[in-house]
Amino acid sequence: MEFMTGEKKRTDISVAELLSGRLDGEQVTMRGMVHIIRDMGEVSFLILRKAEGLVQCVCSEAVFQQNPCKEEAAIEVTGIVHQEQRAPGGYEIRLESIRIFSEPTEALPVPVNKWKMSTSLEAKLQYRTVSLRNPKERAKFRIQEGIVRGFRDYLHREGFTEIHTPKLVAKNAEGGANVFKLEYFHHPAALAQSPQFYKQMMVGVFDRVFEVAPVFRAEKHNTKRHLNEYTSMDFEMGYIDGYEDIMQMETGFLQYTMELLKTEYAKELEMLQVELPDVSRIPSVPFAKAKELVAEKYNRQIRNPHDLEPEEEQLIGRYFKEEYGADFVFVTEYPSKKRPFYAMDDPKDPSVTLSFDLLFRGMEITTGGQRIHEYPMLREKMEKRGMTEDGMEAYLRAFKDGMPPHGGLGIGLERLTMKLLGEDNVRETTLFPRDLSRLEP
């Protein structure tokens, strides 16, 4: 009988082990995908692609003829490590044998071994499982991993508990008509637009909670910034003194994450030529003031006094970049009529809320604010909006039983990645986008 002990015995080495220099002159085994084959006659250069990077292998004609392989084959190679300054990382493997696990059965639909794929976004998305093998395409999602890792690590450090809320709901949390409706065992249901109700209820349990999960919006937008399913990084925190506490927490997350990317994702940042933003200080400006500033500086008429248009977001981002060198800006005190019922109104001016958006290089990536925590106040606002308790009994129950002052936010992961990388379309930073026309792959 065999027992699992958790000891992982590996016969193949990693890229880091190869580049450490400790294996120079030793026989090693490595597994990966064939990225490029350069046939030079008597020898061939076989570039092996692994998750950590590319490795140069030198193969004699005799060895290659024993097991000739194709580009994008999954293989195992065995050979001797040699120092070679011209090889990536300064080391290469001189092959003694090749073992083939699988090979492509037809020509690849996109040129993944090109440094820059001259391929349309539509083609990249249609053949996503292949196009993502390209090192530069793959690097985008390594950086996205770093953002999520920074979010989790920072909030754990700040005393938050990670939760997992349902995505099948009886009634949508945010209100409105932009929900995907479905039948749930002969009962009407919907896909959650947000974990809002659940994370608020859990503040009464854990004080501070967060979640990284998909959310769904049945909006018929077909723009470069909208998706119908995206990943939301949410947190909610109790016992706050004001909504400024939430903005400070997000600023801390951004500072922690940018440092993490700089130290542990430097290779990907360099590959994509990403310049990290300065997040040491993030300016904050009231909604009405932001509109006035851009209207005056850029001679633009204020057309919608209750919300920001995409062009206004871009101009606000431009204004604070030009005036303060800031890539991020908090826009605060949004009009109450444009915020959900649970948003706390400003006691000094009930026409505005204690809420904010965070703009990054001219695009909204975060919406957050302080919530109403007292049951009578919550019911009063619902009644003013003509709302009933139907479908929200469990949510309201938490407030009947007492809730601390609290607030939180939601960050669009794909948008944040998009603006960080300087991409023009949010689909570039979405593994498998879901929009008006795309449900596959």
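Colleague: Where is Glu72 found?
Modeller: Glu72 is in the loop between helix H2 (61-66) and strand S4 (74-83). Bear in mind that this is a predicted model.

Colleague: What is the phi of Glu72?
Modeller: Positive, about 75 degrees, although Glu72 is not a glycine.

Colleague: Buried or exposed?
Modeller: Buried, because the relative accessibility of Glu72 is 4% and the cut-off for buried is under 20%.

Colleague: And Asp207, what about its phi?
Modeller: Asp207 also isn't a glycine, and its phi is positive at about 75 degrees.

Colleague: How accessible is Asp207?
Modeller: Its relative accessible area is 36%, so Asp207 is partly exposed.

Colleague: Where is there a cis peptide bond?
Modeller: Between Glu440 and Pro441, with omega about -10 degrees. Pro441 lies in the segment after helix H13 (413-421).

Colleague: Back to H6. Which of its residues are buried?
Modeller: H6 spans residues 196-206, and its buried residues are Gln196, Phe197, Lys199, Gln200, Met201 and Val203.

Colleague: What covers them?
Modeller: The cover includes strand S10 (208-216), strand S11 (229-238), helix H12 (393-400) and strand S18 (406-412).

Colleague: Which residues does Tyr395 contact, sequence neighbours aside?
Modeller: Leaving out neighbours within four places, Tyr395 contacts Phe197, Gln200, Met201, Phe341, Tyr342 and Leu378.

Colleague: How does H11 meet H12?
Modeller: The axes of H11 (residues 375-384) and H12 come within 8 Å and cross at roughly 140 degrees. That angle makes H11 oblique to H12, because roughly antiparallel starts over 145.

Colleague: Which residues make the contact?
Modeller: From H11, Tyr375, Leu378, Arg379 and Met382. From H12, Tyr395, Leu396, Phe399 and Lys400. They divide into 6 nonpolar, no polar and 2 charged.

Colleague: Now the core. Which residues touch the most other members of the largest nonpolar core?
Modeller: Phe151, Met233, Phe235, Phe253 and Tyr395, out of 59 residues in that core. Helix H7 (residues 244-264) gives the largest share, 8 residues.

Colleague: How many residues are in the second core?
Modeller: 23 residues, in a separate core that includes Val34, Cys57, Cys59 and Val63.

Colleague: New topic. Where is Arg300?
Modeller: In the loop between helix H9 (287-297) and helix H10 (310-324).

Colleague: Buried or exposed, that arginine?
Modeller: Arg300 is buried, because its relative accessible area is 9%.

Colleague: What does its side chain make a polar contact with?
Modeller: The side chain of Glu309, at 2.6 Å. Glu309 is also one of the residues in contact with Arg300 beyond four places in sequence.

Colleague: Last one, Met418. Where does it sit, and how accessible is it?
Modeller: Met418 is in helix H13. Its relative accessibility is 2%, so Met418 counts as buried.

Colleague: How far apart are Met418 and Arg225?
Modeller: In sequence, 193 residues; in space, 9.1 Å from C-alpha to C-alpha.

Colleague: What does Met418 touch?
Modeller: Not counting residues up to four places away, Met418 touches Lys224, Met363, Glu423, Asp424, Asn425, Val426 and Thr429.

Notes. Residues are numbered from 1 along each chain as its sequence is written. This is a predicted model: local features need pLDDT of at least 70, side-chain atom pairs count only at pLDDT 80 or more; totals for chains, interfaces and linings use all residues. Side-chain values use heavy atoms; hydrogens and water are left out. A nonpolar core is a set of buried Ala, Val, Leu, Ile, Met, Phe, Trp, Tyr and Cys residues joined through side-chain atoms within 4.5 Å. Buried means under 20% relative accessible area, exposed over 50%, partly exposed in between (1.4 Å probe, protein chains only). Helices (H or I, at least four residues) and strands (E, at least two) are DSSP runs, numbered from the N terminus. Contact means heavy atoms within 4.5 Å. A polar contact is a pair of N or O atoms within 3.5 Å; within protein, one must be able to donate a hydrogen and the other to accept it, and residues adjacent in sequence count only if both atoms are side-chain atoms. Axes are lines fitted to C-alpha atoms, for helices over the stretch in contact, and angles run from 0 to 180 degrees between N-to-C directions. Angles under 35 degrees count as roughly parallel, over 145 as roughly antiparallel, 65 to 115 as roughly perpendicular and the rest as oblique. Ala, Val, Leu, Ile, Met, Phe, Trp, Tyr, Cys and Pro count as nonpolar, Asp, Glu, Lys and Arg as charged, and the others, Gly among them, as polar.
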